[in-house]
Amino acid sequence: TNIRPDMHRVLPQRILNILTRAGETARSMGYQVYAVGGLVRDVLLKVENLDVDLVVEGKGIELAHKLAETIGGRVRAHEKFGTAEIVFQDGYWVDVVTARVEYYEYPAALPQVEQSSLKHDLYRRDFTINAMAVALNPERFGELVDYFNGREDLQIGAVRVLHNLSFIEDPTRILRAIRFEQRYDMAIEPQTLRLIKEAVREKVLARLSTERMWGELKSILEEADPEDMMDRMSELGVWDYLFPEITFWEVQPVISEMPQALMILRNWGWAEPAERWLPYFLAILHWTTQETAFEICQRYFLGRRQTDKVLDVIAHWRRALKSLSATGDVPLSELTKSVQTLPREAYPLFLTLLEDKNAIRRFRLVMESVHKNKPSVNGKDIRAMGFQPGPMYRRALDAVWRARLDGLVQTREEELEYARNYLIQHNAPKIEPKKPKGNN
Ligand code: CTP
């Protein structure tokens, strides 16, 4: 079969151009080159995918250099592995690997007539749906190479491993199976499911480094709909390896309401944070203690800023909830003060926690006024006034914000004045004047 028409329909011009040039380059060198993995799978599903993974029957690094001469980009080569990346100015990159022939894999084989080295490369991969290739050489461009019936599995919706040791070799595949199953609304095929259960029982996940675990976990939290994946993780006993401190059923109700909350917030103009996994991560951790949350953040190597956000949420969500749910009139600045203690990334979680319409209405009001009344003073202005950078900056700026909401300041001059007074009143430290040189 040739899937060239699908490729033209699904892939953007930039990608098609790279694939075409790769094929021409391979021909000029006497090699064969293929696009493999997720891109092929998604072309067949008619879903866009921008990740180009090339497998070369020939010298991969040399092809990368030659290809970069025509399509641009810088080559980062890894001689030891025979792999390379072509990295473009805008951060986009293409992966190139060399398919090596490894005859020793089948020592007892009958007269094994030359196995294509591509087949060996594909056999090492996770699932049949990810183990297809498409030929790129001009005379074969678009030819589907499908040794393991990946296309059929895509059609019937089956996530299937290529061999029985797959999850032992690479336990992250347990999480990947869940991710692909739920993302494409497929089903992990019975034998593969048995292998997962067996691997979980044998505690293969305990042997996995937390870095690799976090990599896959983050991929799940960044999916469009991770909540079903988390249900599945719990069902298969995977959750207990990722978050042994957290009982899934305690956070599940909140997690199941996250998609709805995210949708509402987007309609209200809330901008998706750059760290797309963080809203879900906060939802998972909000119910635990500061100490436990800190341990989890450490375990997964979260940076300080992100860890602080997690701890802030745990410390403040209850009070924020209370002030938004209070009866009677509360000044906007009061409400804002309590919401401002929460990072933006916690808004989806927070919305799921708000129970009555009145509180939700108030939350929206606060969000909008915070957005509209953003003051013009910033950290730089405060720095120019000669105060030492530190936590007082944020407090002073929040105070200016509240003053604006209550109509106490209007112009930029008034804001600056208000910030200066606030900092002086709160004894914010000044920057030490530099000692004149040559004095000691
Ligand atoms: N792969 C694998 N085992 C892993 C990770 C990756 O076999 N543990 C292979 C699969 O063939 C996969 C390819 O490497 O298709 C690329 O991996 P990755 O980019 O992580 O996955 P994609 O399939 O591209 O999925 P996504 O759409 O989430 O990027």
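How many helices and strands make up the secondary structure of the chain? The count is 22 helices and nine strands. The model is predicted.

**Overall build**

The chain has 440 residues, of which 34% count as buried. Its C-alpha trace spans about 85 × 60 × 50 Å along the principal axes. Among contacts with a separation of 6 or more, 67% join residues 24 or more positions apart. The chain is divided into three stretches, tabulated here by residue range.

| Domain | Residues |
|---|---|
| Domain 1 | 4–156 |
| Domain 2 | 243–372 |
| Domain 3 | 379–425 |

Taken over C-alpha atoms, the centres of domain 1 and domain 3 are separated by 56 Å.

**The sheet**

Seven strands form an open sheet with mixed pairing. Their order is E3-E4-E5-E2-E1-E6-E7. Strand E3 (74–78) and strand E7 (144–145) stand at the edges. Each has a single partner strand, so one side of each is left without a neighbour in the sheet.

Strand E1 (residues 32–36) pairs with strand E2 (residues 53–57). The sense is antiparallel, over four bridges. Within E2, Leu54 stands opposite Ala35.

**The cores**

Ala35 and Leu54 also belong to the largest nonpolar core, which has 96 residues. With Tyr34 and Ala133, they are the residues with the most contacts inside this core. Helix H14 (residues 278–285) gives the most to this core, with seven residues. In soluble globular proteins, nonpolar side chains tend to be buried together.

Leu54 shows the local packing. Leaving out residues up to four places away in sequence, Leu54 touches Ala22, Val33, Tyr34, Ala35, Val94, Asp95 and Val96. A second, separate core has 15 residues, including Ala396, Leu397, Val409 and Ala428.

**The ligand shell**

Which residues are around the ligand? They are Gly37, Gly38, Asp51, Asp53, Arg125, Asp126, Asn130, Ala131, Asp170, Thr172, Arg173 and Arg176. Helix H8 (residues 172–183) supplies the largest share of the shell, three residues.

Note on methods
Residues numbered from 1 in each chain as written. Predicted model: local features only at pLDDT ≥ 70, side-chain atom pairs only at ≥ 80, totals over all residues. Near = placed C-beta within 6 Å. Helix = DSSP H or I, 4+ residues; strand = E, 2+ residues; numbered from the N terminus. Domains from an automatic or database assignment. Core = buried A, V, L, I, M, F, W, Y, C linked by C-beta atoms within 7 Å. Buried ≥ 20, exposed ≤ 12 C-beta atoms within 10 Å, placed from the backbone. Contact = placed C-beta atoms within 7 Å. Pairing = 2+ DSSP bridges.
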